[in-house]
Amino acid sequence: QALAHLRGLSAAKLEADGTSYGATIQACGRARDWKLVLMLVREMGRSMVEPNSIAYGNALAAFQDCAKWELAVSAFCDMKGLELNPDGLAYSAAVNACFDADQWRKTLALLE
């Protein structure tokens, strides 16, 4: 339903932004649809939409909840590369995703 809303913006001649992507990513994360979350993050990167920390934070939380630690690390690194300044929740999601997967070296690397 959230994805249909995001797609409907262009039909209504409205532009999707980081906030609308963030809300859609959050809804997909709650549905534990990590593949759709990944698709939306990639789509946001390819489009003219300026990514924001909320959208990436929601993606990190979804990847953590779905036990996709590799995707969480990748999204976290992308956040830093985009100079989005991960907040405590982003750090927590990335670190916990690695910790839960027994990836303690990755956990330590994220904290450096």
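Visitor: Where is A67 found?
Guide: A67 is in the loop between α4 (53-65) and α5. Helices (H or I, at least four residues) and strands (E, at least two) are DSSP runs, numbered from the N terminus.

Visitor: What am I looking at, a prediction?
Guide: This is a predicted model, where local features need pLDDT of at least 70, side-chain atom pairs count only at pLDDT 80 or more, and totals for chains, interfaces and linings use all residues. Residues are numbered from 1 along each chain as its sequence is written, and side-chain values use heavy atoms, leaving out hydrogens and water.

Visitor: Back to A67. Is it buried or exposed?
Guide: A67 is exposed, at 60% relative accessible area. Exposed means over 50%, buried under 20%, and partly exposed in between (1.4 Å probe, protein chains only).

Visitor: And what is the phi of A67?
Guide: Near 60°, a positive value in a residue other than glycine.

Visitor: What about D102, where is that?
Guide: D102 sits in the loop between α6 and α7 (104-111). Its phi is positive too, about 60°, and D102 is not a glycine. D102 is exposed, with a relative accessible area of 61%.

Visitor: New topic. How many aromatic pairs are there?
Guide: One. The ring centres of F76 and Y91 lie 4.8 Å apart with planes at 70°, so the pair is edge-to-face. Rings of Phe, Tyr and Trp (its six-membered ring) pair if their centres lie within 6.5 Å; planes under 30 degrees apart are stacked, over 60 edge-to-face, the rest tilted.

Visitor: Which helices hold F76 and Y91?
Guide: F76 is in α5 (residues 69-81) and Y91 in α6 (residues 88-100), so the pair ties together parts 15 residues apart in sequence.

Visitor: Is F76 buried or exposed?
Guide: F76 is buried, at 1% relative accessibility. Y91, at 28%, is partly exposed.
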